Amino acid sequence: MKRQLHLNLFINSRGHHEASWRHPTASPLALTDIRYYQDLAQRAEAALFDSIFLADVLALGDDVAHVARTWLEPITVLAAVAVATSRIGLVATVSSTYTEPFNLARQFASLDHISNGRVGWNIVTSSLASSARNFGGEPQLSHADRYARGEEFMRVVNALWDSWAEDAVVDDRASGIYAKADRVRPINHRGDFYRVEGPLNIPRGPQGRPVLVQAGSSDTGRRFAARHADAVFTACLGKAEAQEFYADLKALAVAEGRSPEDVLILPGLSPMVASTEAEAQRLAREVDDLADVESGRKRLADWFGGQDFSHIPLDVPLRPEDLPHPDSVQAARSRAELVHNLVRQNNATLRQVIGYFAAARGHYLMAGTPEQIADLIEDWFTDGAADGFNLMPPLLPAMLDVFIEEVVPLLQRRGLFRISYEGEMLRHHYGLAWPKSAFPEA
Ligand SMILES: Cc1cc2nc3c(=O)[nH]c(=O)nc-3n(C[C@H](O)[C@H](O)[C@H](O)COP(=O)(O)O)c2cc1C
C-alpha cells in the first residue's frame, strides 16, 4: 500500500493562537467543560485522524489575566474522551521529572484498557522553572539531569508494563484461578534515581505498552527520542529545517538499531485556511491584533529560564547577542534555538518575534487556500520532511472544521490519507509493531 500520512489533532485552549480564546469564531464552551474536548475528538475521529494530543505544564503562567492557557489535567480528560469515542488514538503529556514511574505506568496501563488500546504518552522532562517550584525543587534540575533521570524512568516504566505476560489473567471461575502467578513477576529495579519492586498492579494493556511520543528537539532530546519514541512531535520554522530534523532523527534511530519507519516524525502545522490567500492572511492579522504583547515577552522569558526582556525595544531588529546562547539555556533549549534562528534569518524585531510565537509558539504557520495547504502537506510528506503532521488549528473548532471539510478530501483524493480506519488501536493507525513480550511463550 502507498505510504499513508498521519494526522494528529493537537488540542490547545480555543485554538493555538494565543488570542484565539477571544475570537468570535472560537467555541462558546468553557475550557473546563469536558464536552469541549469530547466534541473536538469526535470531529477528528469522524475525519479519520490518527489521534488527538493534549500538552501539559505543571504551573499556571503569570499571564493568566490575558491568556486562556488553563486546561484540564490530561489523563483525566483522556479517560472521559475515551468513553465518548471508539477509534481515535489518545495521546497525553506527562512529565517524567515530576511523577513516579509506578504512578505513570499504572495510569497509562489503565487508560490503555479503558480506551481498548488507543493511548499514547508524550514523554516530557518539563522545562519550566515555575513547574520546579511547584514540586519542592529549587533550583530546577539541569537539562542533562532531567534527561538522565528520564532514561532511568523509561527503563522502569517499560519493565513495569512488561511485568505481566499477555496471558497472565485467566479469570477462570470453575478452577478458582484468577491469574497465573508465574506469568506476573517483580522488576526489582534499583537505580540512581528510582527503586521499584513491581510488578505493576494492572494487567498488560491491549497495546502491550502505550505508544511512546516525544517532543524535545535538543541534541539530548533527539537521542532520547531515537531510543524510546514511536512518534516525535517537533516545531520547525520551515521545510529545510524539517528535513534536517527528519534525516537526523531517522539516522539516530538507525544508530540505535531501529528501522527508520519505527519512528514517525510529525512536525507542527498551524494553518489558517480560507477560500483565498488574501482572506486567510486577513484572518491571521485579525487574530494577531488581539494578542497581548506583554504576555509574549513573559513567554520568551520563561523559555530562556527567566531572562529579562523588558529593556529591549519592541521595534528595533534584534541581534543574536541580545539573547542568551541556546547552549547556556537550562529551560526550553530547542525553543531558544528557534528564537535565535528567527532572529538570524529574518532580522526580526522583538515585536515580530512575539507575534510569531503568539500564533503557534514556533510551529510552522501558514495562511492559504485548501489547495495550498494540501500542496504543502504533500510536499513535506513526499520530500523527506514529515511522516504526517501535528495539526494545530489556530482557532477551534472553526479552523479544524475547514481543514476537515476542505483539506482532508484533497489529501484523500491524492491517495495520501486513509478513507477508513483499518484497525482499532493507535498502533494500527500509526503502523507500529507490538512490543515483544518479556515472557517465554506459554
Ligand atoms: C509539539 C510539542 C509539544 C510539546 N508539549 C510539551 C508539553 O506539553 N509540556 C512540556 O513540558 N513540554 C512540551 N514540549 C517541550 C518538549 O517536550 C521539551 O520538554 C522541551 O522542549 C525541552 O526539551 P529539549 O530541550 O530537548 O527540547 C513540547 C514540544 C513540542 C514540539
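Helices (H or I, at least four residues) and strands (E, at least two) are DSSP runs, numbered from the N terminus. The model here is a predicted one, so residues are numbered from 1 along each chain as its sequence is written, local features need pLDDT of at least 70, side-chain atom pairs count only at pLDDT 80 or more, and totals for chains, interfaces and linings use all residues. Most residues other than glycine have a negative phi, and most peptide bonds are trans. Asp171 is partly exposed, at a relative accessible area of 47%; here buried means under 20% relative accessible area, exposed over 50%, and partly exposed in between (1.4 Å probe, protein chains only). Arg361 also has a positive phi, near 55°, and sits in the loop between α11 and β12. Arg361 is buried, with a relative accessible area of 15%. As for cis peptide bonds, one joins Gly198 and Pro199, with omega about -5°, and Pro199 is in the loop between β8 (195-196) and β9. Another runs from Leu396 to Pro397, with omega near 5°, and Pro397 belongs to the loop between β13 (388-391) and α13 (398-413).

Next come the rings. Rings of Phe, Tyr and Trp (its six-membered ring) pair if their centres lie within 6.5 Å; planes under 30 degrees apart count as stacked, over 60 as edge-to-face and the rest as tilted. By this rule there are 16 aromatic pairs. One of them, Tyr364 with Trp380, is tilted, at 5.0 Å centre to centre and 55° between the planes. Tyr364 is in strand β12 (residues 364-368) and Trp380 in helix α12 (residues 370-382), so this pair ties together parts 16 residues apart in sequence. Both Tyr364 and Trp380 are buried. Trp380 also pairs with Phe389: the ring centres are 5.9 Å apart and the planes at 45°, so this pair is tilted. Phe389 is buried as well. Elsewhere, ring pairs link Phe108, Trp121, Phe153, Trp161, Phe193 and Tyr194 into a cluster.

Some rings have a charge over them, meaning that NZ of Lys or CZ of Arg is within 6 Å of the ring centre and within 35 degrees of the ring normal. Arg3 does this over Phe381, at 3.8 Å from the ring centre, and Arg185 over Phe439, at 4.1 Å.

How do helices α9 and α11 pack? Helix α9 (residues 293-303) and helix α11 (residues 350-360) meet at about 85°, with axes 9 Å apart; axes are lines fitted to C-alpha atoms, for helices over the stretch in contact, and angles run from 0 to 180 degrees between N-to-C directions. The two helices are therefore roughly perpendicular (65 to 115 degrees; under 35 is roughly parallel, over 145 roughly antiparallel and the rest oblique). Residues in contact (heavy atoms within 4.5 Å) include Arg299 and Leu300 of α9 and Ile354 and Phe357 of α11. Arg299 is buried, with a relative accessible area of 6%. Leaving out residues up to four places away in sequence, Arg299 touches Glu18, Ile354, Phe357 and Ala358.

Finally, Leu212 sits in strand β9 and is buried, at a relative accessible area of 5%. Beyond its neighbours within four places in sequence, Leu212 contacts residues including Trp121, Trp161 and His228. His228 is one of the buried residues of helix α6 (residues 219-228), and β9 (211-214) is among the elements covering the buried residues of α6.

Key:
Heavy atoms only, no water.
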